[in-house]
Amino acid sequence: MSKTILEIEGLRKTYGSLEVLKGIDCAVHEGEVIAIIGSSGSGKTTLLRCINMLEDFEGGTIRLDGEEIGYHAEGSMRRRKSEKDIARQRALTGMAFQQFNLFPHMTAEANVMLGLLKVKRLPKDEARAIALKWLDRVGLGDRAGHFPGQLSGGQQQRVAIARAIAMNPRLMLFDEVTSALDPELVGEVLQVIKGLAADGMTMLLVTHEMRFAYEVASRVIFMNQGVIGEDGNPREMFVAPKTERLADFLKTSSFN
Amino acid sequence: MTPSFLDQLWLARNVILSGLGLTVSISLLAILAGSVLGVLVGLSLTYGNRLIRPIFRVYTDIIRGTPVLVLVLASYYVSSAVGVNLDPFSAGVLALAVFCSSHVGEIVRGGLQAIPKGQTEAAKAIGLTFGQTFAYVLWPQALRQFLPAWVNTAAEMVKASTLLSVIGVAELLLRTQEIISRNFMSLQFYFFAGALYFVVNYGIERFGKYVERKTAVPS
């Protein structure tokens with residue numbers, strides 16, 4: 001097995017009295033494309049958001065390349081890292097959101113350049129070159145000067161993916177990136193993700209696209225009520241689910 | 001033969017111009033100081049901790065609930081009563097700036113809170129610190145959002161500057177009243193003063209529209 005990038009141990013997360021993640025253990029290896037599936041409320045999105053500290057979590061550890069994310073031990077106390085440290089760690093993972101979240105007052109190019117300029121502190125022409133390269137890669141080289149409001153949903157999502165990937169992250173997180181798209185625009189976004197997978201990018205995808213998960217993922221994690229219900233390769237899991245929960249879930253989700 | 005309005009206007013030209021100049025100065029100073037202060041108020045209302053936020057909440061609620069005239073009088077008479085001797089001009093500008101700051105504070109808070117949470121999350125996700133997120137993502141969007149309301153407040157400040165006449169600041173309204181007390185042409189000169197106020201506020205509004213157009217995001 002190739003090198004371990006991400007190690008999650010005993011991850012617990014609560015909202016008030018509601019325990020959303022009840023102890024997640026999982027390791028992600030370099031080049032793996034992992035689809036995270038499960039019904040809504042199972043904790044898949046929360047898991048993703050904990051990995052780049054968009055959510056604080058109460059228990060367990062997450063390590064990226066051996067470095068603990070978000071917290072450190074101070075004697076027997078567990079302390080949140082400084083905002084500056086957390087910002088640096090967040091730049092190591094890229095994230096694409098269901099709602100794209102492009103910055104509406106910036107062109108596509110400026111959206112991609114922002115992190116390169118302000119976080120990586122690259123000179124402007126270098127940042128522009130990288131931005132254009134990635135916009136080209138997602139098929140939007142000719143839309144660099146457009147504002148998000150002038151782009152379709154699928155185009156916006158592709159810019160958002162370019163923005164994340166241009167930072168050269170160790171790991172890409174995709175949070176239901178096609179759920180807000182019109183059906184005819186889903187394909188172009190999935191095509192981009194497929195391309196990244198072929199490049200060997202390590203990815204975690206929360207998705208409802210079972211067909212896509214089946215085709216692209218090298219591994220599938222089935223989340224169920226805050227724990228990992230099943231974890232294995234897509235062929236085994238989709239064809240012969242071991243647990244009744246997964247079998248039920250697959251029956252109710254459309255496989256198109 | 002009674003003197004014509006134009007003759008009287010010509011005679012009073014310097015008095016009117018000095019009044020107009022003072023009105024514009026008062027308004028500009030109040031808007032400027034009020035906006036700077038107001039941005040601080042707005043930031044405290046939006047991002048302040050559990051101690052800061054209620055303090056500024058009470059500040060804006062009290063100021064916004066008080067008539068400007070009362071603020072002007074309080075600023076002048078209370079300050080002298082406690083031994084800080086402000087001249088009428090300073091006291092008046094202070095009162096207007098404080099009034100302006102409470103309104104701008106609310107406008108800034110509203111503008112910032114209207115930005116979807118996803119914007120902050122996306123900025124965080126690419127590794128921006130809070131300061132960077134604010135400077136490059138939140139503030140530019142909030143600015144566009146609250147520009148119209150801010151222009152409105154600026155125009156309100158010009159109108160409110162007339163209240164400084166009651167503490168003896170020789171701005172346009174007080175000057176106009178002086179002139180009328182000499183020539184008794186109240187109708188003409190009040191109308192004329194009104195027209196001047198309109199011109200100033202119309203200018204502010206046009207300028208606001210211009211900036212709005214310039215900063216509009218294409219879609």
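Leu18(A) is exposed, with a relative accessible area of 56% (exposed means over 50%, buried under 20% and partly exposed in between, with a 1.4 Å probe and protein chains only). This residue lies in strand 2 (residues 18-29) of chain A, where strands are DSSP runs of E of at least two residues and helices are runs of H or I of at least four, both numbered from the N terminus. Between the C-alpha atoms of Leu18(A) and Arg78(A), 60 residues apart along the chain, the separation is 21 Å.

The model is predicted, and local features need pLDDT of at least 70, side-chain atom pairs count only at pLDDT 80 or more, and totals for chains, interfaces and linings use all residues. Residues are numbered from 1 along each chain as its sequence is written, chains are lettered from A and ligands numbered from 1 in the order in which they are written, and side-chain values use heavy atoms, leaving out hydrogens and water.

Two residues of chain A stand out by their backbone. Met53(A), although not a glycine, has a positive phi of about 60 degrees; its place is the loop between helix 1 (44-51) and strand 4 (59-64) of chain A. Asp65(A), also not a glycine, has a positive phi of about 50 degrees and sits in the loop between strand 4 and strand 5 (67-68) of chain A. Met53(A) counts as buried because its relative accessibility is 2%, whereas Asp65(A), at 34%, counts as partly exposed.

The largest nonpolar core holds 109 residues; such a core is a set of buried Ala, Val, Leu, Ile, Met, Phe, Trp, Tyr and Cys residues joined through side-chain atoms within 4.5 Å. Among the members that touch the most others are Leu6(A), Leu11(A), Ile62(A) and Phe174(A). Helix 5 (residues 88-113) of chain B gives the largest share of this core, 10 residues. Beyond its neighbours within four places in sequence, Leu11(A) is in contact (heavy atoms within 4.5 Å) with residues including Leu21(A), Ile24(A), Phe57(A) and Ile62(A).

In chain B, the axes of helix 2 (residues 13-47) and helix 3 (residues 52-64) come within 8 Å and cross at roughly 130 degrees. Axes are lines fitted to C-alpha atoms, for helices over the stretch in contact, and angles run from 0 to 180 degrees between N-to-C directions. Helix 2 and helix 3 of chain B are therefore oblique to each other, since angles under 35 degrees count as roughly parallel, over 145 as roughly antiparallel, 65 to 115 as roughly perpendicular and the rest as oblique. Their contact involves residues including Leu37(B) and Val41(B) of helix 2 and Phe56(B) and Tyr59(B) of helix 3.
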